[in-house]
Amino acid sequence: MGTLKQIIVVGRGPAGLYLSTLALAQGVGVTVIADGLGSCALWGGHWDFVSRDEQGHVVQDPWRWWEGRPPVPEADPVPRSVWRAWWQDLARFWRQLGIVPDHEPPRTNRWLVTPVGTVRPVFLAPQWHWAEEEPRPVTLVGFHHFIDFPVEVAAQNYQQETGCRAEVLVLPHPPLWTPAWQPLQWAWYFDTDPGREWLKDALRAASAPASLPLVFPQILGVDRVDAVFSAIQAALGVAVGEIPLTPPSVGGLRVQRRWERWLRRRGLRLWSAHAVRATATSVELEDGRMLTADAVVLATGGILGGGIQVAVNGAATDPLTGVDLGQATTPRDLGRLGYPRPEMAVPVVGRQVGGRDCDRQGMGGAMILWSGRRVWRHLEAAVGEEAPSRHEGNVGRLS
Amino acid sequence: MRETWDACLKCTLCVSQCPVVSVNTDFPGPKALGPEWYRRWQASPGEVMNHVHDCTFCQLCEAACPVAVPVAHLIAEHKAHALSQLGWRNRLRDSLLARPHRVGQWMPVGTVPPLVRRWGGLSRRVRFPSRRRGRVAELGPALSPPRGVVGLVQDCYSRAYDPELVNMAAALLRLWGYQVRLLPKSPGCCGAAAMAQGRPALAHRLAGGLWAQLAREGQGCDVLVTLNATCDGTVRDEWARDGFGLSLPVRPFDALAMEAPAAFWERLRLFSMPDSVWLTHTTCRGKVARGDGHLLALAARAGFPSVRPVDAACCGAGGSYAFKAEHEATAEALAEAIRRQVAEEGAVAGIITDSGTCALHIEDATGVATHHPAYWLYHRYRESLGEGPANERKRS
Ligand SMILES: Cc1cc2nc3c(=O)[nH]c(=O)nc-3n(C[C@H](O)[C@H](O)[C@H](O)COP(=O)(O)OP(=O)(O)OC[C@H]3O[C@@H](n4cnc5c(N)ncnc54)[C@H](O)[C@@H]3O)c2cc1C
Ligand code: SF4
Ligand code: SF4
């Protein structure tokens, strides 16, 4: 048995980034192969623990909900202390990237405002998100012709759903604006010095209700969002937050850019290519090239990511390994398709793991965390590294 | 490729990665200019959109797409139908720039008088290339038994303006045990520039010409080696899809460099470099066709201290994009991110990049010496032999 020196990760979505980070943080070289960007920039950037139970009811205390429940049917439940160690470690790492305010994971789900003013549970959220333990009075800020955030409707719904006051402030649009602007164009504009200055002036001129937090649609910059937040806070002296919009999400893009920057600086090798076959130690690319490493991990994203193909008769297979992943008879089955265990023929992480419908239950983040940790432990054990003393939770820290 | 032309899911991931969208508030973005335009065009041909020519053809949109829509190629088709937007002078200019091998043959460039720039639709601020023809010394006997014959593919830019670089690369390859043949014998172009200019038919024709040349002249070679990332991506990746497959493997120079004999690396590492920051920039087309991190690994292996990647995905050079007057602001805004990073990193000693036009543009924006890895490896090796500038400085 040798040591783990070099691994290949197929897939560049959040699960691929997480596993690459675990490996690089332990000094293991990583080559990522991906034929697309993955889903990071599609979601708001918050990692959910569990938001809804199987019946669709809101879960307020995800720690308690997970007690005694295995992530997939064939696994053991994860003790609370281990979940805690994983989340804490992720939060500490994210803090290093400037993504979360605190290294302590939340004690319960918090309330995130949606673009239509309703609230939904959220767990580990970037500091930009307006996510509160208890809803409170706010000023919702909209812009003329900004259709992705219907601020009047949102305010009405917010008041109805939470019983808290929601003032409305509508700002004009900037001089450079055109009707073709999508949220991303707004965000890039606020990344510039003139954009930030314009926003400050517009807010001063609009005289926002004093003391209420200002909650914007999530467009306050991309790479320089923190400067925009500081500028508004300094100018008006109130708390500021954002509401993530429907995909694609500026929040997810911010996370992806910061995370990939960290990985690239640590020597991550990225291959832009389509894989056609994978074994535990090799990957064959579409153009015939073959890559080998001490281990291969598939973070290929399930049906949405391209990691699972479903035939007309409902038969699901992994195109890279040929593994039969069962049958989908109803559309609801699609969400659960995937490997029953993460460390099968070729280890899989993220959405490629089956058994739970992450999107319906809001547990994408938790499943990435669990499968990533489990596969990482498996890889280390398989090459004869000293096995972690008791549980996955003891696998090395990210930061 | 055609089966994915109409596959767009409207996820907008392409827009999230487009560098031009990030700096040009008028640019409608890849989704609108590519797949959405294409669907309308299929239903009723006729309409073209403004700002389609502002696309640099970096292809980063394509690399992001989950369903392999050839977004940038659809935009190239869109540009082809929108050439009249350019006016006759710019059309004339672009039909020249679409044939960089001819530009290189006929125009030594260097300084371009303001009047010509104005008349020809050329940027008034940008620096144009001037020929670099320094003497390139051999590096000594080969460090390895013969490793085979390399056909070194000269890109239009290096052949015309940087023959010095071609000779440095050849000297290194010979040092590593290869026999080197310079290809193609007469100037030819892979078609990348024509495609970026919105002339897909011309791109196809040029590609076919160079393909025939390389297939003929490459006989007897074991491998074709590219110097420029854009040509590499076009020849290795695009040609294969367009029916111009080559029987020889095509590999970028830095990949061969990573396989240089151990004695080469030992020699380089005998002399440690003064502590300083080095940046690597993989050109956007290199990122798309190959990926990222290769130059960083090469620089680290060669013992460059504190190597970091440039954060910006695209520098804005875009082949001849930055030379055009109407793209001045976008190209400068894109390079601004690199300028800012250089300022933040502190004293940056040099930047390593795999394209001549990117090097020119980045050097112009940052004031930091920016060159191809072959240039830096060559000089570093010469220094290690006691013949390079560092040692000359020491002696004086
Ligand atoms: C719109 C949306 C909203 C979401 N919201 C939330 C949320 O609010 N909270 C939360 O916690 N989770 C959320 N999720 C997360 C979701 O539940 C999944 O956990 C997540 O998308 C899975 O990511 P992944 O890394 O497994 O796969 P993906 O992100 O899909 O990545 C798959 C990767 O594999 C690559 N790939 C696939 N096949 C090949 C091949 N043959 N060769 C090369 N590369 C290949 C793809 O190019 C891609 O890079 C959301 C997801 C989406 C899409
Ligand atoms: S090719 Fe580059 S510049 Fe053009 S639309 Fe795509 S990402 Fe944007
Ligand atoms: S990334 Fe692909 S599928 Fe998504 S909007 Fe762009 S072209 Fe369409």
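Chain A and chain B bury about 2,500 Å² between them, and 50% of that area is on carbon and sulfur atoms. Keep in mind that you're looking at a predicted model. Three arginines stand out here: Arg264(A), Arg265(A) and Arg269(A) supply 26% of the area that chain A buries against chain B, more than any other three residues.

**Where the chains meet**

How many residues are in contact across the two chains? On one side there are 27 residues of chain A, and they are in contact with 34 residues of chain B. The interface also has four salt bridges, going by the rule used to find them. Take Asp311(B): this residue forms a salt bridge with Arg261(A), with the closest N and O atoms 2.6 Å apart. Polar contacts turn up too, with 11 residue pairs across the interface of chain A and chain B.

Which parts of chain A do the touching? Helices α5 (183-190) and α8 (250-265), along with strand β10 (269-272), each supply at least two residues to the side of chain A that touches chain B. The biggest giver is α8(A), with five residues. Sort that side of chain A by class and you get 13 nonpolar, seven polar and seven charged residues.

Two bridges join β10(A) to strand β6 (residues 291-292) of chain B, and the two strands run antiparallel. If you want to find one of the partners, look at Leu270(A), whose bridge partner in β6(B) is Asp292(B). As a reminder, strands of a sheet pair through backbone hydrogen bonds, either parallel or antiparallel.

Zoom out and you'll see an open sheet of five strands, in the order β14(A)-β1(A)-β2(A)-β10(A)-β6(B), with mixed pairing. Why do β14 (295-298) of chain A and β6 of chain B each have one side without a neighbour in the sheet? They stand at the edges and each has a single partner strand, so one side of each is left without a neighbour.

Ligand 1 has 35 residues around it, and Asp35(A), Ser39(A), Trp43(A), Asp48(A) and Asp359(A) come nearest.

| Residue | Part of the residue | Distance to an oxygen atom of ligand 1 |
|---|---|---|
| Gly36(A) | backbone N or O atom | 2.8 Å |
| Arg351(A) | polar backbone atom | 2.8 Å |
| Asp359(A) | side-chain N or O atom | 2.8 Å |

Now move over to chain B for ligand 2. Its surroundings include Cys18(B), Cys55(B), Cys58(B) and Cys61(B), as well as Pro19(B) and Pro30(B). Two helices of chain B, α2 (19-23) and α5 (71-81), each supply at least two residues of this shell. By class, the shell around ligand 2 has 10 nonpolar residues, two polar and no charged.

Ligand 3 has 13 residues around it, and those that come nearest are Cys8(B), Cys11(B), Thr12(B), Cys14(B) and Cys65(B). How does the shell around ligand 3 divide by class? It has 10 nonpolar residues, one polar and two charged.

**Salt bridges in the whole structure**

A search over all chains finds 46 salt bridges. One pair to look up is Arg12(A) and Glu260(A), whose side chains meet in a salt bridge at 2.8 Å, N to O. This pair links distant parts of the chain: Arg12(A) is in the loop between β1 (6-10) and α1 (14-25) of chain A, while Glu260(A) is in helix α8 of chain A, 248 residues apart.

Last stop: the backbone. The peptide bond from Pro247(A) to Pro248(A) is cis, with omega near -5°. You'll find Pro248(A) in the loop between β9 (240-243) and α8 of chain A. Chain B has a cis peptide bond as well, from Leu183(B) to Pro184(B), with omega near -20°. There, Pro184(B) is in the loop between β2 (178-183) and α11 (192-196) of chain B.

Which residue has a positive phi although it is not a glycine? That's Lys10(B), with a phi of about 65°. Look for Lys10(B) in the segment before α1 (13-17) of chain B.

Key: Residues numbered from 1 in each chain as written. Chains lettered and ligands numbered in written order. Predicted model: local features only at pLDDT ≥ 70, side-chain atom pairs only at ≥ 80, totals over all residues. Heavy atoms only, no water. Near = heavy atom within 4 Å. Nonpolar A, V, L, I, M, F, W, Y, C, P; charged D, E, K, R; others polar. Contact = heavy atoms within 4.5 Å. Buried area = accessible area lost by both parts, 1.4 Å probe. Polar contact = N/O pair within 3.5 Å; in protein donor to acceptor, adjacent residues only side chain to side chain. Helix = DSSP H or I, 4+ residues; strand = E, 2+ residues; numbered from the N terminus. Pairing = 2+ DSSP bridges.
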